[in-house]
Amino acid sequence: MSHLPMALQIEHKASLREHNSFGLPAVARELVRVHSDADLRRVVDHPEYGLAPKFILGGGSNVVLTRDLTDLVLKVEIPGRKLWRENADAWIVEAGAGENWHDLVDWTLAQGWPGLENLALIPGLVGAAPVQNIGAYGVELKDRFHSLDVVDLVTGRTVYFDASMCHFGYRNSVFKQALAGKCVITRVRLRLPRPWQPVLGYLDLERKIADTGNLRPDARTIFDWVCAIRRAKLPDPALIGNAGSFFKNPVVSAEQCRDIIGRDPEIVHYPLADGSVKLAAGWLIDACGWKGKAVGRAAVYERQALVLVNRGGASGAEVVTLARAIQESVYGRFGIRLEPEPVIV
Ligand code: EPU
(Lines give C-alpha, C1' and ligand atoms only; values in the text may rest on other atoms or scores of the structure.)
Protein backbone atom coordinates (compact mmCIF):
# COMPACT_ATOMS: atom_id res chain seq x y z
CA MET A 1 0.00 0.00 0.00
CA SER A 2 1.26 3.50 -0.84
CA HIS A 3 2.18 5.70 2.11
CA LEU A 4 1.30 8.89 0.27
CA PRO A 5 -2.51 8.78 0.54
CA MET A 6 -2.27 7.74 4.18
CA ALA A 7 -0.43 10.96 5.02
CA LEU A 8 -3.29 13.21 3.90
CA GLN A 9 -4.69 15.09 6.91
CA ILE A 10 -8.35 15.85 6.32
CA GLU A 11 -10.40 18.08 8.59
CA HIS A 12 -14.13 17.38 8.53
CA LYS A 13 -16.85 20.02 9.02
CA ALA A 14 -14.22 22.77 9.15
CA SER A 15 -15.49 26.26 9.91
CA LEU A 16 -14.40 28.79 7.27
CA ARG A 17 -15.41 31.88 9.26
CA GLU A 18 -11.80 32.55 10.31
CA HIS A 19 -10.58 31.79 6.80
CA ASN A 20 -12.44 34.51 4.86
CA SER A 21 -11.76 38.21 5.37
CA PHE A 22 -15.50 39.04 5.27
CA GLY A 23 -15.92 36.79 8.34
CA LEU A 24 -18.92 35.05 6.74
CA PRO A 25 -20.22 31.81 8.26
CA ALA A 26 -19.69 28.71 6.11
CA VAL A 27 -18.53 25.15 6.72
CA ALA A 28 -16.32 23.00 4.51
CA ARG A 29 -17.35 19.36 4.45
CA GLU A 30 -13.66 18.49 4.10
CA LEU A 31 -10.57 20.67 4.23
CA VAL A 32 -6.91 19.87 3.61
CA ARG A 33 -4.06 22.18 4.59
CA VAL A 34 -1.45 22.24 1.84
CA HIS A 35 2.16 22.87 2.89
CA SER A 36 4.03 21.70 -0.23
CA ASP A 37 3.73 20.45 -3.81
CA ALA A 38 3.98 16.93 -2.35
CA ASP A 39 0.84 17.54 -0.27
CA LEU A 40 -1.01 18.40 -3.49
CA ARG A 41 0.24 15.23 -5.15
CA ARG A 42 -1.11 13.28 -2.19
CA VAL A 43 -4.51 14.82 -2.89
CA VAL A 44 -4.30 14.02 -6.63
CA ASP A 45 -3.22 10.40 -5.92
CA HIS A 46 -5.86 9.86 -3.26
CA PRO A 47 -8.34 7.12 -4.22
CA GLU A 48 -11.35 9.04 -2.91
CA TYR A 49 -10.38 12.72 -3.21
CA GLY A 50 -8.21 12.60 -6.33
CA LEU A 51 -11.12 13.17 -8.70
CA ALA A 52 -13.39 15.12 -6.34
CA PRO A 53 -14.20 18.77 -7.20
CA LYS A 54 -11.90 21.15 -5.35
CA PHE A 55 -12.08 24.68 -4.03
CA ILE A 56 -8.81 26.55 -3.59
CA LEU A 57 -8.69 28.92 -0.64
CA GLY A 58 -5.83 31.33 0.02
CA GLY A 59 -6.31 34.06 2.59
CA GLY A 60 -10.02 34.24 1.72
CA SER A 61 -9.73 37.95 1.03
CA ASN A 62 -11.46 37.87 -2.34
CA VAL A 63 -14.40 35.54 -1.80
CA VAL A 64 -17.99 35.88 -0.64
CA LEU A 65 -19.20 32.63 0.92
CA THR A 66 -22.97 32.28 0.64
CA ARG A 67 -23.21 28.56 1.45
CA ASP A 68 -21.42 25.57 2.96
CA LEU A 69 -18.88 23.93 0.64
CA THR A 70 -19.13 20.33 -0.46
CA ASP A 71 -16.04 20.57 -2.68
CA LEU A 72 -12.78 19.53 -1.05
CA VAL A 73 -11.27 22.78 0.23
CA LEU A 74 -7.52 23.09 -0.35
CA LYS A 75 -6.19 25.66 2.09
CA VAL A 76 -2.87 26.89 0.75
CA GLU A 77 -0.21 27.29 3.48
CA ILE A 78 3.00 26.88 1.46
CA PRO A 79 5.80 28.86 3.17
CA GLY A 80 9.14 30.29 2.05
CA ARG A 81 10.74 33.44 0.69
CA LYS A 82 14.17 33.97 -0.80
CA LEU A 83 16.21 35.82 -3.38
CA TRP A 84 15.86 33.45 -6.33
CA ARG A 85 18.21 35.23 -8.71
CA GLU A 86 19.98 38.54 -8.98
CA ASN A 87 21.45 40.25 -12.00
CA ALA A 88 22.42 43.72 -13.15
CA ASP A 89 18.83 44.72 -14.02
CA ALA A 90 16.73 43.02 -11.38
CA TRP A 91 16.30 41.17 -8.14
CA ILE A 92 14.05 38.16 -8.54
CA VAL A 93 12.35 37.15 -5.32
CA GLU A 94 10.51 33.87 -4.83
CA ALA A 95 7.77 33.36 -2.24
CA GLY A 96 5.56 30.45 -1.24
CA ALA A 97 1.88 30.88 -2.10
CA GLY A 98 0.95 30.73 1.59
CA GLU A 99 3.06 33.73 2.62
CA ASN A 100 1.19 36.87 3.64
CA TRP A 101 1.41 39.40 0.79
CA HIS A 102 1.95 42.52 2.91
CA ASP A 103 4.64 40.82 5.02
CA LEU A 104 6.45 39.89 1.80
CA VAL A 105 6.35 43.52 0.60
CA ASP A 106 7.70 44.69 3.98
CA TRP A 107 10.43 42.01 3.98
CA THR A 108 11.68 42.80 0.45
CA LEU A 109 12.09 46.47 1.43
CA ALA A 110 13.97 45.48 4.59
CA GLN A 111 16.32 43.36 2.43
CA GLY A 112 17.03 46.36 0.20
CA TRP A 113 15.00 45.13 -2.79
CA PRO A 114 12.45 47.87 -3.52
CA GLY A 115 9.67 47.73 -6.12
CA LEU A 116 6.57 46.40 -4.34
CA GLU A 117 5.97 49.43 -2.08
CA ASN A 118 2.86 50.68 -3.97
CA LEU A 119 1.23 47.30 -3.30
CA ALA A 120 1.58 47.55 0.50
CA LEU A 121 -1.29 46.50 2.79
CA ILE A 122 -3.26 44.58 0.15
CA PRO A 123 -4.91 41.79 2.13
CA GLY A 124 -4.45 38.16 1.19
CA LEU A 125 -1.71 35.67 0.41
CA VAL A 126 1.04 35.60 -2.21
CA GLY A 127 -0.70 32.83 -4.19
CA ALA A 128 -3.82 34.95 -4.71
CA ALA A 129 -1.91 38.00 -5.99
CA PRO A 130 -1.54 36.72 -9.59
CA VAL A 131 -5.05 35.19 -9.65
CA GLN A 132 -6.64 38.61 -9.64
CA ASN A 133 -3.59 40.60 -10.75
CA ILE A 134 -3.73 42.81 -7.65
CA GLY A 135 -3.07 46.47 -8.24
CA ALA A 136 -2.92 49.77 -6.41
CA TYR A 137 -1.45 53.27 -6.76
CA GLY A 138 -0.25 52.86 -10.31
CA VAL A 139 1.35 49.39 -10.04
CA GLU A 140 -0.15 46.02 -10.91
CA LEU A 141 1.27 42.64 -10.01
CA LYS A 142 1.92 41.95 -13.71
CA ASP A 143 4.38 44.90 -13.75
CA ARG A 144 6.54 43.08 -11.18
CA PHE A 145 5.88 39.50 -12.25
CA HIS A 146 8.56 37.02 -13.30
CA SER A 147 6.98 33.54 -13.20
CA LEU A 148 5.13 31.09 -11.00
CA ASP A 149 4.72 27.38 -10.37
CA VAL A 150 1.46 25.50 -10.17
CA VAL A 151 0.56 21.92 -9.39
CA ASP A 152 -1.86 20.54 -11.98
CA LEU A 153 -4.79 18.96 -10.10
CA VAL A 154 -5.25 16.26 -12.76
CA THR A 155 -1.67 15.10 -13.34
CA GLY A 156 -0.10 16.18 -10.03
CA ARG A 157 2.79 17.68 -11.98
CA THR A 158 4.50 20.95 -11.15
CA VAL A 159 4.29 23.32 -14.14
CA TYR A 160 6.18 26.60 -14.71
CA PHE A 161 4.20 29.61 -16.00
CA ASP A 162 5.76 32.75 -17.47
CA ALA A 163 3.80 36.02 -17.72
CA SER A 164 2.38 35.36 -21.18
CA MET A 165 0.81 32.09 -19.99
CA CYS A 166 -1.02 33.91 -17.16
CA HIS A 167 -3.16 36.16 -19.46
CA PHE A 168 -3.13 39.03 -16.99
CA GLY A 169 -5.87 41.65 -17.32
CA TYR A 170 -7.45 44.22 -15.00
CA ARG A 171 -8.12 42.20 -11.80
CA ASN A 172 -8.08 39.09 -13.98
CA SER A 173 -5.93 36.16 -15.15
CA VAL A 174 -6.23 32.67 -16.61
CA PHE A 175 -6.45 31.37 -13.01
CA LYS A 176 -9.80 33.16 -12.58
CA GLN A 177 -11.01 31.92 -15.99
CA ALA A 178 -10.04 28.73 -17.89
CA LEU A 179 -7.82 27.31 -15.12
CA ALA A 180 -10.11 28.12 -12.17
CA GLY A 181 -10.07 25.15 -9.80
CA LYS A 182 -7.77 23.17 -12.13
CA CYS A 183 -4.39 23.98 -10.64
CA VAL A 184 -2.94 25.40 -7.45
CA ILE A 185 -0.31 28.15 -7.49
CA THR A 186 2.50 27.04 -5.18
CA ARG A 187 5.27 29.63 -5.68
CA VAL A 188 5.42 33.10 -7.22
CA ARG A 189 8.53 34.90 -8.45
CA LEU A 190 8.62 38.68 -8.63
CA ARG A 191 11.00 40.71 -10.73
CA LEU A 192 12.06 43.95 -9.06
CA PRO A 193 13.85 46.08 -11.67
CA ARG A 194 17.08 47.90 -10.82
CA PRO A 195 17.84 50.67 -10.66
CA TRP A 196 14.64 51.24 -8.71
CA GLN A 197 12.24 53.84 -10.14
CA PRO A 198 9.48 55.27 -7.91
CA VAL A 199 5.90 55.24 -9.24
CA LEU A 200 4.32 58.44 -7.98
CA GLY A 201 1.75 59.39 -10.65
CA TYR A 202 -1.32 58.45 -8.61
CA LEU A 203 -3.27 61.44 -7.29
CA ASP A 204 -3.18 60.33 -3.62
CA LEU A 205 0.63 60.02 -3.78
CA GLU A 206 1.02 63.39 -5.52
CA ARG A 207 -0.93 64.87 -2.61
CA LYS A 208 1.52 63.28 -0.14
CA ILE A 209 4.42 64.85 -2.01
CA ALA A 210 2.72 68.26 -1.86
CA ASP A 211 1.80 67.87 1.84
CA THR A 212 5.24 66.70 3.02
CA GLY A 213 7.41 68.67 0.59
CA ASN A 214 9.39 65.44 0.05
CA LEU A 215 9.95 65.43 -3.71
CA ARG A 216 12.22 62.36 -3.72
CA PRO A 217 10.71 59.82 -1.36
CA ASP A 218 12.55 56.51 -0.99
CA ALA A 219 10.74 53.18 -1.29
CA ARG A 220 10.15 52.87 2.46
CA THR A 221 8.57 56.33 2.54
CA ILE A 222 6.24 55.41 -0.34
CA PHE A 223 5.37 52.20 1.54
CA ASP A 224 4.49 54.28 4.63
CA TRP A 225 2.43 56.71 2.52
CA VAL A 226 0.48 53.90 0.83
CA CYS A 227 -0.21 52.31 4.24
CA ALA A 228 -1.45 55.66 5.60
CA ILE A 229 -3.66 56.33 2.54
CA ARG A 230 -5.20 52.86 2.70
CA ARG A 231 -5.74 52.96 6.48
CA ALA A 232 -7.56 56.29 6.12
CA LYS A 233 -10.19 54.97 3.72
CA LEU A 234 -10.21 51.17 3.77
CA PRO A 235 -11.41 49.14 6.76
CA ASP A 236 -8.91 46.73 8.36
CA PRO A 237 -10.35 43.23 7.76
CA ALA A 238 -9.02 42.16 11.17
CA LEU A 239 -11.49 44.63 12.72
CA ILE A 240 -14.33 44.96 10.16
CA GLY A 241 -14.94 42.08 7.74
CA ASN A 242 -14.57 43.07 4.07
CA ALA A 243 -13.04 41.98 0.76
CA GLY A 244 -11.50 45.25 -0.44
CA SER A 245 -13.12 46.85 -3.48
CA PHE A 246 -16.36 44.97 -4.06
CA PHE A 247 -16.82 46.07 -7.70
CA LYS A 248 -14.41 46.57 -10.56
CA ASN A 249 -14.10 50.04 -12.03
CA PRO A 250 -16.21 49.84 -15.23
CA VAL A 251 -14.73 50.73 -18.59
CA VAL A 252 -16.97 52.49 -21.13
CA SER A 253 -16.50 53.86 -24.63
CA ALA A 254 -15.56 57.53 -25.07
CA GLU A 255 -19.01 58.11 -26.58
CA GLN A 256 -20.85 56.56 -23.61
CA CYS A 257 -18.66 58.61 -21.28
CA ARG A 258 -19.49 61.89 -23.07
CA ASP A 259 -23.14 61.07 -22.60
CA ILE A 260 -22.71 60.42 -18.88
CA ILE A 261 -20.54 63.50 -18.36
CA GLY A 262 -23.23 65.55 -20.12
CA ARG A 263 -25.63 64.50 -17.38
CA ASP A 264 -23.17 64.30 -14.45
CA PRO A 265 -20.23 66.66 -15.07
CA GLU A 266 -18.43 65.78 -11.81
CA ILE A 267 -18.14 62.07 -12.55
CA VAL A 268 -14.62 60.75 -11.71
CA HIS A 269 -13.12 59.17 -14.84
CA TYR A 270 -9.73 58.25 -16.30
CA PRO A 271 -9.11 58.11 -20.08
CA LEU A 272 -7.26 54.93 -21.10
CA ALA A 273 -4.64 54.51 -23.82
CA ASP A 274 -7.07 52.73 -26.19
CA GLY A 275 -9.59 55.61 -26.17
CA SER A 276 -11.99 53.99 -23.70
CA VAL A 277 -12.65 55.51 -20.28
CA LYS A 278 -12.50 53.97 -16.81
CA LEU A 279 -15.11 55.26 -14.36
CA ALA A 280 -14.69 55.25 -10.57
CA ALA A 281 -17.22 52.69 -9.36
CA GLY A 282 -16.92 54.17 -5.85
CA TRP A 283 -18.08 57.52 -7.17
CA LEU A 284 -21.06 55.98 -9.03
CA ILE A 285 -22.20 54.12 -5.89
CA ASP A 286 -21.63 57.17 -3.70
CA ALA A 287 -23.65 59.31 -6.15
CA CYS A 288 -26.58 56.92 -5.71
CA GLY A 289 -26.47 57.62 -1.98
CA TRP A 290 -25.27 54.24 -0.74
CA LYS A 291 -22.60 55.19 1.82
CA GLY A 292 -23.58 53.77 5.22
CA LYS A 293 -26.69 51.96 3.88
CA ALA A 294 -27.23 48.35 5.00
CA VAL A 295 -29.06 45.10 4.34
CA GLY A 296 -29.21 43.30 7.66
CA ARG A 297 -25.64 43.30 9.00
CA ALA A 298 -24.02 43.89 5.59
CA ALA A 299 -23.30 47.54 4.83
CA VAL A 300 -21.61 50.00 2.49
CA TYR A 301 -18.52 51.38 4.24
CA GLU A 302 -19.02 54.99 5.36
CA ARG A 303 -15.63 56.21 4.10
CA GLN A 304 -15.46 54.40 0.74
CA ALA A 305 -18.57 53.37 -1.17
CA LEU A 306 -16.69 50.73 -3.16
CA VAL A 307 -16.19 48.57 -0.06
CA LEU A 308 -18.93 46.42 1.48
CA VAL A 309 -18.45 45.45 5.11
CA ASN A 310 -19.72 42.93 7.63
CA ARG A 311 -20.89 44.91 10.66
CA GLY A 312 -20.74 41.66 12.64
CA GLY A 313 -22.83 38.56 12.06
CA ALA A 314 -23.73 39.22 8.40
CA SER A 315 -24.54 36.29 6.13
CA GLY A 316 -23.23 35.86 2.60
CA ALA A 317 -26.84 36.21 1.39
CA GLU A 318 -27.08 39.66 2.98
CA VAL A 319 -23.86 40.76 1.26
CA VAL A 320 -25.14 39.51 -2.11
CA THR A 321 -28.58 41.13 -1.65
CA LEU A 322 -26.90 44.45 -0.86
CA ALA A 323 -24.57 44.08 -3.87
CA ARG A 324 -27.54 43.40 -6.21
CA ALA A 325 -29.44 46.42 -4.91
CA ILE A 326 -26.38 48.59 -5.57
CA GLN A 327 -26.00 47.16 -9.09
CA GLU A 328 -29.66 47.88 -9.85
CA SER A 329 -29.53 51.42 -8.58
CA VAL A 330 -26.30 52.26 -10.47
CA TYR A 331 -27.77 50.70 -13.61
CA GLY A 332 -31.01 52.64 -13.15
CA ARG A 333 -29.25 55.98 -12.86
CA PHE A 334 -26.20 55.59 -15.13
CA GLY A 335 -27.01 52.61 -17.38
CA ILE A 336 -23.78 50.92 -16.25
CA ARG A 337 -23.52 47.35 -15.02
CA LEU A 338 -21.09 46.96 -12.14
CA GLU A 339 -19.24 43.67 -11.98
CA PRO A 340 -18.25 42.23 -8.58
CA GLU A 341 -14.53 41.81 -7.97
CA PRO A 342 -14.60 38.95 -5.43
CA VAL A 343 -15.63 35.45 -6.37
CA ILE A 344 -19.17 34.74 -5.13
CA VAL A 345 -19.61 31.15 -4.02
N1 EPU B 1 -14.89 58.04 -4.80
C2 EPU B 1 -16.01 58.71 -4.36
N3 EPU B 1 -16.75 58.16 -3.36
C4 EPU B 1 -16.41 56.97 -2.79
C5 EPU B 1 -15.27 56.28 -3.25
C6 EPU B 1 -14.52 56.85 -4.26
O7 EPU B 1 -16.35 59.78 -4.84
O8 EPU B 1 -17.12 56.54 -1.88
C9 EPU B 1 -14.05 58.65 -5.80
C10 EPU B 1 -12.75 59.14 -5.17
O11 EPU B 1 -12.87 60.43 -4.69
C12 EPU B 1 -11.75 59.03 -6.26
C13 EPU B 1 -12.30 57.94 -7.15
O14 EPU B 1 -13.64 57.70 -6.76
O15 EPU B 1 -11.69 60.21 -7.00
C16 EPU B 1 -11.47 56.68 -7.10
O17 EPU B 1 -11.33 56.24 -5.76
P18 EPU B 1 -9.94 55.66 -5.21
O19 EPU B 1 -8.81 56.50 -5.62
O20 EPU B 1 -10.14 55.39 -3.76
O21 EPU B 1 -9.69 54.33 -6.00
P22 EPU B 1 -10.72 53.21 -6.35
O23 EPU B 1 -11.07 53.29 -7.79
O24 EPU B 1 -11.81 53.26 -5.36
C25 EPU B 1 -8.86 51.43 -6.96
C26 EPU B 1 -8.71 49.94 -6.72
C27 EPU B 1 -8.21 49.69 -5.32
C28 EPU B 1 -6.87 50.38 -5.16
C29 EPU B 1 -7.06 51.88 -5.43
C30 EPU B 1 -5.74 52.61 -5.40
C31 EPU B 1 -10.36 48.81 -8.09
C32 EPU B 1 -11.70 48.14 -8.13
N33 EPU B 1 -9.99 49.30 -6.91
O34 EPU B 1 -9.86 51.88 -6.05
O35 EPU B 1 -8.04 48.29 -5.17
O36 EPU B 1 -6.35 50.18 -3.86
O37 EPU B 1 -7.63 52.07 -6.74
O38 EPU B 1 -5.00 52.30 -6.55
O39 EPU B 1 -9.67 48.87 -9.10
C40 EPU B 1 -9.07 46.29 -4.41
O41 EPU B 1 -9.01 45.90 -5.57
O42 EPU B 1 -9.55 45.59 -3.49
C43 EPU B 1 -8.61 47.63 -4.10
C44 EPU B 1 -8.74 48.17 -2.88
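Ala-28 is buried, because its relative accessible area is 0% (buried means under 20%, exposed over 50% and partly exposed in between, using a 1.4 Å probe and protein chains only). You'll find Ala-28 in strand β2, residues 27-34; strands here are DSSP runs of E with at least two residues, helices are runs of H or I with at least four, and both are numbered from the N terminus. Before going on, keep in mind that this is a predicted model, where local features need pLDDT of at least 70, side-chain atom pairs count only at pLDDT 80 or more, and totals for chains, interfaces and linings use all residues. Residues are numbered from 1 along each chain as its sequence is written, and side-chain values use heavy atoms, with hydrogens and water left out.

So what does Ala-28 touch, leaving aside its neighbours within four places in sequence? Its contacts are His-12, Lys-13, Ala-14, Leu-16, Leu-69 and Val-73, where contact means heavy atoms within 4.5 Å. Val-126, on the other hand, sits 98 residues from Ala-28 in sequence and 22 Å from it in space, C-alpha to C-alpha.

Next stop, Gly-127. This residue is in the loop between α2 and α3 (128-131), and it counts as buried because its relative accessibility is 13%. Not counting residues up to four places away in sequence, Gly-127 touches Ala-97 and Ile-185. Val-184 is 57 residues from Gly-127 along the chain, yet their C-alpha atoms are separated by 8.4 Å.

Now for helix α6, residues 219-233. Its 15 residues should span 21 Å at 1.5 Å a residue, and the end C-alpha atoms are 22 Å apart, which agrees; the expected span is 1.5 Å times one less than the number of residues. Among the buried residues of α6 are Phe-223, Trp-225 and Ile-229. The cover over the buried residues of α6 includes α2 (101-111), β8 (135-136) and α5 (203-212).

How do α5 and α6 meet? Their axes come within 10 Å and cross at roughly 110 degrees, so the two helices are roughly perpendicular to each other (a label for angles of 65 to 115 degrees, with under 35 roughly parallel, over 145 roughly antiparallel and the rest oblique). Axes are lines fitted to C-alpha atoms, for helices over the stretch in contact, and angles run from 0 to 180 degrees between N-to-C directions.

Finally, Gln-304 lies in the loop between β18 (298-300) and β19 (307-310). Gln-304 is buried, at 18% relative accessible area.
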